[in-house]
Structures are given as C-alpha cells and as structure tokens.
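Subject: Structure for you to look at

Hello,

Here is the structure for you to open. My notes on pockets, charged pairs and aromatic rings follow below.

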Amino acid sequence: MVPTLPSLSLALLVSFLATIGTAEAGYGFLARMNRDAVAQELLTELTALLGHGRSHERLAYLTDALRPMYMALPKKEGGGVDESVARYALNRYFLTHRGWHITGIASDGERWNASSSTAMLNSKMPSFIIDLVEQHVVRKRLGLEELAVLAATVEDLIHSDALELLTMAYEVHNFSMQEALGNEEEEDLVIRTFVLFFTMPWTQGPHNDTSKVHKLLRAAYKNNPGWNDSMMWVEDLKGAIKYQGRAEDNPFSKRSAYFGTYPLMSHLVEQVVDEFGMFQDVQCRELKNMMLDLEGWDRDDGRVLLTNFYSPYMQGIHEYFLERPAYLRALGSLDETDQKRPSVIVPNYLYGRSFCIGTDAGIQSWCCVDQCNALMEALERSIAHPVASPGLITELVEALSSDTVAAPRNLSSSLRWKLDKISEQHG
C-alpha cells in the first residue's frame with residue numbers, strides 16, 4: 001500500500017482522451033502513438049496506481065455503480081457521452097455515494113456545459129496536460145469504462161489531499177513515516193490530529209507548532225460540537241477495517257498499534273474520506289425530520305411556513321433554522337408564491353451549499369445527500385435506456401418508496417399532465 005500518484009494517472013488518462021481527437025504535432029510522442037497503444041498503457045499503469053494495486057476490483061466497482069445511470073444518459077451519435085453529460089454523471093455519483101461536492105464537476109448554478117471541468121484540476125496537473133484537455137475536450141466521447149476511470153482519478157485527487165493532511169499530522173508530532181508507531185497512544189494521536197485538520201481546516205495554520213496542536217486537540221469538542229460523535233464514528237470505522245482484514249493478519253503477530261505503519265494509516269484515512277459524507281448525512285436526515293415535523297397539518301408538499309420555520313429557535317428549543325429571508329431567497333429555498341404566507345422549501349434548504357463542510361483546498365466539500373438521486377437510480381436501473389414512455393415512468397414511480405412516502409404512491413393528475421407534456425415536447 002503506497003501513497004497515490006494522481007498526476008501520472010491523470011497524464012495517462014488525458015493522453016488516452018487526446019487520441020480520440022487528432023493528435024497535435026506539437027506534442028511529438030502523442031502524435032506517434034495510436035489510440036489502442038495509449039489505451040493499453042493507460043490501463044496497465046492504472047493497475048499499478050489506482051486503488052493501490054487493486055485497480056481491477058476498484059474499476060469494476062465503479063463501473064457497476066455508474067452503469068444504471070450511464071445506460072439512461074443521452075449518447076452521442078457515435079456512442080459515448082460528451083463532457084457536459086459526463087460532468088452531470090460524475091456529480092451525481094459523488095453526491096449520492098460519497099456526499100462530495102467537487103468544484104469543477106458540480107454545475108454550481110451554471111449550465112452543465114458552461115465551463116470546463118479542468119478548473120478543479122489546475123493545481124494538480126502540469127500545464128501541458130491542461131492544454132491537451134482544453135484542446136480535445138470538444139471532441140472526446142466517454143464510454144462507461146472511461147467514466148469509471150475519471151471517477152477513480154478524481155477519488156485519487158481527493159485521497160491525495162487527505163494524505164497531505166496525514167503527513168502534516170505525522171510531522172507535527174515528529175513521527176517518522178518510514179517507521180512503525182510505537183504504541184496505540186501514538187496511533188490515536190496521529191488519527192485525532194488528522195481528523196482535527198480534516199474537519200476544522202482553520203487548525204492547519206499552526207501545524208508546525210506541536211504545543212498549539214495539542215491545545216487545539218484538547219479544545220476540539222468546544223470548537224466543533226460534532227467532534228465527539230466524529231471520533232466515535234472513526235473508532236467504529238477502525239473496528240470494521242480490522243474485522244475485514246482479520247483473514248490477512250498473522251494471529252501470532254504482536255503489533256502494539258494496528259494502524260501503526262504509514263500504509264495502514266493511509267488506508268484508514270482514505271476510508272475516512274470516502275465514508276465521512278455518509279456519516280455526516282445522518283445529521284442531515286435528522287434536520288429533515290425536524291423540518292417535516294414543522295409542516296402544517298393541511299400540507300404535505302415539502303414546504304414549511306416561514307413562521308413555523310423560526311418557531312423552535314424563537315422558543316429556545318434549538319439553534320437551527322435561523323437564516324434570514326434574504327439568505328433563504330438567495331439559496332432558492334424561499335417560496336413566496338403566497339406573499340402573506342411565505343414558506344421554506346425543505347429539499348432546496350437541506351441540499352444547498354449552506355450545509356456543506358468545506359476543505360481548506362477548496363476542491364471538495366461534504367454535503368447532504370440528495371435522496372432524490374437514489375430514486376432516480378432506481379428508475380434508471382429499471383428503464384436502462386435514455387427514453388421511456390410516460391406510462392412506464394408513471395408505473396415505476398408509483399411503485400417507489402421513500403423516507404416520507406410508502407409505496408404504492410398515487411401521482412396527481414397535474415404530475416401526469418406535466419409528464420405527458422414533456423413527452424410531447426421531446427417527441
């Protein structure tokens with residue numbers, strides 16, 4: 001198990017994508033390599049790089065996870081999807097399965113084809129690679145396998161940022177990454193320091209000052225109300241990893257710290273990054289239930305009267321739901337159709353950026369998981385095609401259950417009418 005090398009995998013990936021268009025003479029070796037050769041080199045190198053030597057299983061998992069959505073996406077005339085559709089697919093995958101919002105992939109209010117997804121990669125890639133992407137981005141067509149490779153490469157970038165924080169955690173306590181940690185206390189100190197830097201990026205400032213970091217660790221529960229819950233979750237995750245690895249462990253080994261070596265600690269850190277979004281989503285679901293409890297008895301449209309929204313805070317019950325109307329309006333979560341009775345749109349409020357936890361690098365943040373995406377995946381798995389009749393969609397939707405509605409559900413006549421109008425518009 002070794003640290004990731006995202007720059008090389010990205011270089012190979014972009015070289016592969018570049019050959020789909022006409023190779024530019026100015027890039028010498030690319031012009032001389034045909035598509036099949038580059039593709040073979042890409043897959044060979046990915047075997048060594050992606051997933052720390054487990055690329056086959058990792059890419060197979062990503063391919064299977066992306067397949068239902070990919071089958072339902074609109075394709076180019078020659079097969080595959082274009083960049084804007086690929087961005088949409090990757091954004092949905094990471095939000096649904098990781099709770100990740102990634103700058104440069106997410107649309108952030110723009111059209112999906114409004115800007116190049118290379119924006120998020122600028123700091124991670126040599127300039128000549130960025131030039132290649134920008135030159136060939138219009139001509140490339142991505143199939144399912146390439147989409148999985150892109151997803152794996154993005155994951156490597158995120159893991160790379162996490163490993164930088166882990167390195168900082170080792171260095172601030174003067175621990176060597178080449179030698180095993182001495183005991184469980186040292187292991188625990190490294191893990192807690194990583195989580196500190198990871199969940200509270202502002203603490204990374206004094207990362208060279210050991211005494212300040214110890215002081216920040218002692219005050220972490222005050223600065224972050226969710227600190228204790230986060231550390232309990234990390235302990236549970238450690239136990240799960242130990243259980244999964246029991247078959248590979250030597251029962252006669254006497255390791256004083258299970259995650260004492262840097263490779264094992266790196267594996268733990270990557271699991272923390274991959275699953276932290278799902279852990280955070282537990283709180284999002286609690287907030288959702290709190291909001292739905294504020295719904296009036298006469299409505300079930302996912303909206304809460306603004307007066308009801310502020311009521312718990314005004315009564316001192318808790319300190320949530322205190323955003324001003326101007327902010328809610330800018331967020332797109334304030335429904336003012338009835339000027340006398342404005343209401344808050346629950347999904348727009350919960351799934352906006354206000355509940356995202358950012359990282360200091362600004363590439364990625366953790367957001368509430370939009371549960372509508374899971375329903376979309378269920379539809380896509382059943383339809384497995386970009387086009388379906390209104391009747392089939394209606395039948396499938398009525399059989400879907402969600403957190404708030406049990407199947408079978410009845411679609412209103414207005415929703416059926418809208419579905420028919422969409423069908424007419426698109427032939």
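How do the residues of the lining of the second largest pocket divide into nonpolar, polar and charged? There are 14 nonpolar, 7 polar and 2 charged residues. Here Ala, Val, Leu, Ile, Met, Phe, Trp, Tyr, Cys and Pro count as nonpolar, Asp, Glu, Lys and Arg as charged, and the others, Gly among them, as polar.

Please keep in mind that this is a predicted model, in which local features need pLDDT of at least 70 and side-chain atom pairs count only at pLDDT 80 or more, while totals for chains, interfaces and linings use all residues. Residues are numbered from 1 along each chain as its sequence is written, and side-chain values use heavy atoms, with hydrogens and water left out.

The pocket

The second largest pocket has a volume of about 720 Å³. A pocket is an open set of points on a 1 Å grid over the protein atoms alone, where a 1.4 Å probe fits, with protein on both sides within 12 Å along at least five of seven lines; lining residues have an atom within 4 Å of a point. The volume is the space filled by probe spheres set on the points, with grid points joined across faces, edges and corners.

The lining of this pocket has 23 residues, and Asn224, Gly226, Gln280, Gln283 and Ile357 lie nearest its centre. Helix 11 (227-244) and helix 12 (262-292) are the elements that give two or more residues to the lining. Helix 12 gives the most, with 9 residues. Helices (H or I, at least four residues) and strands (E, at least two) are DSSP runs, numbered from the N terminus.

Salt bridges

The count comes to 14 salt bridges, each being a side-chain nitrogen of Lys or Arg within 4 Å of a carboxyl oxygen of Asp or Glu. One of them joins the side chains of Arg98 and Glu155 (3.1 Å, N to O). Arg98 lies in the loop between helix 5 (83-97) and strand 1 (100-102) and Glu155 in helix 7 (residues 144-172), so this pair ties together parts that are 57 residues apart in sequence. Arg98 is buried at 13% relative accessibility, and Glu155 is buried at 3%. Buried means under 20% relative accessible area, exposed over 50%, and partly exposed in between (1.4 Å probe, protein chains only). Arg58, Arg98, Glu155, Asp156 and Asp274 are linked in a network of salt bridges.

Asp335 forms a salt bridge with Arg303, with the closest N and O atoms 2.8 Å apart. Asp335 is in strand 3 (residues 334-335) and Arg303 in strand 2 (residues 303-305), 32 residues apart. Asp335 counts as buried at 15%, whereas Arg303 is partly exposed at 23%.

Aromatic rings

There are 16 aromatic pairs. Rings of Phe, Tyr and Trp (its six-membered ring) pair if their centres lie within 6.5 Å; planes under 30 degrees apart count as stacked, over 60 as edge-to-face and the rest as tilted. The rings of Phe198 and Trp366 have centres 4.7 Å apart and planes at 80°, so the pair is edge-to-face. Phe198 in helix 8 (residues 184-199) and Trp366 in strand 6 (residues 364-366) are 168 residues apart. Phe198 is buried at 6%, and Trp366 is buried at 3%. Phe276 and Trp366 also form an edge-to-face pair, 5.7 Å centre to centre with 85° between the planes. Ring pairs link Phe194, Phe198, Trp233, Phe276, Phe279 and Trp366 into a cluster.

Regards
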